[in-house]
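Have a look at the sequence and the fold, then read along.

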Amino acid sequence: MLAAVIAVVALLREVLLPFVAGMVLAYLLDPVANRIERLGMNRLVATLVIIVVVSTAIALLIALIVPVIISELAYFIESFPQYLRRLQSLTTDPTRPWLSKLVGEGLSEAERSLGELTTLASSWLGTFLRSIWSGGRALLSIFSLAVVTPIVAFYLVYDWNRMIAAIDNWVPPARRDTVRALAREVDDTISGFVRGQSALCLVLAVYYALALWLIGLKHGLAIGFAAGLISFIPYLGSLSGLVISTCVAIAQFWPDWTWILLVPAIFFVGQFMADYVLAPYLVGRRVHLSPVWVMFALFAFGYLFGFVGLLIAVPLAAAIGVLMRFALRQYYASPLYAAAAAPTMPLREMDASASTSDSGDKRTRASQQTTRMG
């Protein structure tokens, strides 16, 4: 059964994207709909209002952010060859032979490959644009995400409680309490992780962007904001932002080491706050999702199922973790574990016990003979 589901998801991953996105959106918006419904509003009206407000907010956010990101990215691509030449000139300085051996050869090769990379990117872009007009797959994906996802989310939010009741009715009554407890644990894990990690990413994005902008780093806003958002994958955002911003800082501020060293300090402070201040408060100790397990799930499901895999990676990782902990609890409570954990007496103690028993038997037999003789 599981193999059949995985095969269907792998084959239909491009078609499933708007439906999976709609399910994720519905899962996130259902608590809001329940709260509004408890205030006295009709479920249909509450669902319609929520979907319209969220869709409008996402559209406005895209309209405001995308032009800024595109312009900043174009400026970064335009300035990238200058950064390479600047770094290469620094590494080829005869007064710093260690720096030349460390990164000089790599930067020289990167600059030589820049022309080939530009040609390859131009060729790929032309092929991609032609495929849009010929096959229409990209346009279909964009259309489905913009139109189909809100529709799917609307119907799922409206029927969410009925769907949960129907699924609950499928479970045998004898197992219903156990399944409900596991479902609540999975829901608590997923909701806690998504809410906490989203808030953590936003805080880090604002912190990195403002800190890099305040020290005057070029592209600091774009690099910091992107590093914070990518922090949804643990440690990937901070490491990527650290490497990119440090290279830009060397090319911009050299030889002033004070400003260059401020960039690693910013990311070290941000990661320290994320691990020891923000994560315990925002994510919480009850969310039993290891960063290594989350990273593996995101990379594995993303590799197997593309963007659909990224959407379902965290819920599946949470569900697998809950089921594994439940299986371990059942094993610890089983007679099999109790029998395996039963203490065994060491050999020396067994010999001592046996000798004590033999001497006791001898004393008993001697007393019995004495009694018969008397």
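## Salt bridges and their surroundings

Arg329 forms a salt bridge with Glu185, with the closest N and O atoms 3.8 Å apart; a salt bridge here is a side-chain nitrogen of Lys or Arg within 4 Å of a carboxyl oxygen of Asp or Glu. Because Arg329 sits in helix α11 and Glu185 in helix α6 (residues 176–214), the pair ties together parts that are 144 residues apart in sequence. Arg329 is partly exposed, with a relative accessible area of 42%, and Glu185 is partly exposed too, at 22%. The terms are set this way: buried is under 20% relative accessible area, exposed is over 50%, and partly exposed is in between (1.4 Å probe, protein chains only).

Before going on, please keep in mind that this is a predicted model, in which local features need pLDDT of at least 70 and side-chain atom pairs count only at pLDDT 80 or more, while totals for chains, interfaces and linings use all residues. Residues are numbered from 1 along each chain as its sequence is written, and side-chain values use heavy atoms, leaving out hydrogens and water.

How many salt bridges does a search of the whole structure find? The search finds 6, and the table shows some of them.

| Pair | N to O distance |
|---|---|
| Arg329 and Glu185 | 3.8 Å |
| Glu37 and Arg43 | 3.2 Å |
| Asp159 and Arg162 | 2.3 Å |

Asp159 and Arg162 both belong to helix α5 (residues 137–170), where they are 3 residues apart, about one turn of the helix. Asp159 is partly exposed, at 24% relative accessibility. Glu37 and Arg43 are also part of a network of salt bridges that includes Asp30. Is Arg43 buried or exposed? Arg43 counts as buried because its relative accessible area is 8%, whereas Glu37 is partly exposed at 32%.

## The overall fold

The protein chain has 13 helices and 0 strands; helices (H or I, at least four residues) and strands (E, at least two) are DSSP runs, numbered from the N terminus. Of the 374 residues in the chain, 29% are buried.

Helix α11 also holds Ile320, which is partly exposed at 37%. Ile320 and Val186 are 134 residues apart in sequence, and their C-alpha atoms are 8.9 Å apart in space.

Ser334 counts as buried because its relative accessibility is 18%. A polar atom of its side chain lies 2.6 Å from the backbone oxygen of Tyr331.

## A pocket

A pocket is an open set of points on a 1 Å grid where a 1.4 Å probe fits, with protein on both sides within 12 Å along at least five of seven lines, and lining residues have an atom within 4 Å of a point.

This second largest pocket is lined by 20 residues, and Ile69, Leu221, Ala222, Ile223 and Phe225 lie nearest its centre. Elements giving two or more residues to the lining are α3, α7 (220–230) and α8 (236–253). Which element gives the largest share of the lining of the second largest pocket? That is α7, with 8 residues.

Definitions and conventions
Polar contact = N/O pair within 3.5 Å; in protein donor to acceptor, adjacent residues only side chain to side chain.
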